[in-house]
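Hi there,

Here is the structure I promised to send over. Have a look at it first, and then read my notes on its salt bridges below.

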Amino acid sequence: MKRFNYLIMSVCAVLLFSACDDTETYTEKRDKEVKAINAFIAESHINTITEEAFKTANYQTDLNRNEFVLFDGTGVYLQIVRKGCGEPIKTGETASVICRFTETNLLRDSLVLSNNTIYYSSMPDIMTVQNTSGTYQGSFTSGLMYSTYGAAVPNGWLAALPYVNIGRPVKEDDEVARVRLIVPAEQGQQYASQSVNPYYYDITFERGL
C-alpha cells in the first residue's frame with residue numbers, strides 16, 4: 001500500500017512539474033506578442049513612420065506606401081485611410097460615436113469580431129467619447145465590443161481620434177473617417193490585456209445623433 005501511495009505521489013509530482021514547466025511567463029508572452037506584430041508588419045508590407053514624420057505630413061499617412069505611424073509611448077500603429085467629413089471632437093466636448101469594425105487576433109491570425117456583416121449591419125457599436133484638454137476617454141454603450149468585452153473603449157481606438165474628423169455625411173461625396181490600427185495588448189480590450197494578445201482593427205467612426 002505504501003509503495004502504491006508513493007507511486008501516486010510521484011506521478012502527481014511529475015504532472016505538477018510539467019504543468020509549471022508549460023506555463024508561459026509574462027516576458028515570454030510579450031516576446032510572442034512582439035514577434036506576431038513584427039510578422040504582420042512584414043507580411044503586410046507596412047512602412048512604419050515616426051511621429052515626427054507624421055506631423056511633417058500634416059498628420060496623414062500615405063496609403064500608396066502603406067504607411068502606419070508608430071506612437072512610441074504606447075506601441076500603437078495607426079493608418080488613416082480617410083480623415084472623414086465634419087470636424088474632430090472639440091476640447092471639452094462629449095460626443096456619441098458610431099463605430100463599425102473588424103477585429104483580428106494577430107497571435108492566432110484569426111478574425112474575432114466584426115459588425116461589418118449583414119447580420120450585424122443594423123447594430124453598429126456606439127461609444128460616448130469625451131475630450132478633456134486633448135485626453136480622450138470613452139465608454140461603449142451598445143454593440144459587439146460592449147457585449148463581448150464590456151464598456152471600456154480600448155486606448156488603442158482612442159489614439160486615432162485626435163487625427164480624424166467625426167461627422168455625419170450630408171453631401172453625396174461625404175465619407176466617414178476610417179482608420180486601421182495595430183493595438184498591443186496593454187492598449188487593447190480586456191481579453192487582450194489579460195492574455196497578452198495583439199489585435200488589428202479596421203474601423204470607421206461616424207458622429208451619432
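Arg-168 is partly exposed, with 35% relative accessible area (buried means under 20%, exposed over 50%, partly exposed in between, using a 1.4 Å probe and protein chains only). Its salt-bridge partner is Glu-206, with the closest N and O atoms 3.7 Å apart; a salt bridge here is a side-chain nitrogen of Lys or Arg within 4 Å of a carboxyl oxygen of Asp or Glu. Because Glu-206 sits in strand S9 (residues 199–207) and Arg-168 in the loop between helix H5 (155–158) and strand S8 (177–183), the pair ties together parts that are 38 residues apart in sequence. Helices (H or I, at least four residues) and strands (E, at least two) are DSSP runs, numbered from the N terminus. Glu-206 is partly exposed too, at 23%.

A note on the source: this is a predicted model, so local features need pLDDT of at least 70 and side-chain atom pairs count only at pLDDT 80 or more, while totals for chains, interfaces and linings use all residues. Residues are numbered from 1 along each chain as its sequence is written, and side-chain values use heavy atoms, leaving out hydrogens and water.

How many salt bridges are there by this rule? The count is nine. One of them joins Arg-30 to Glu-33, at 2.4 Å between the closest N and O atoms. Both residues lie in helix H2 (residues 26–43), three residues apart, or about one turn of the helix. Arg-30 is partly exposed at 30%, whereas Glu-33 is buried at 2%.

Enjoy exploring!
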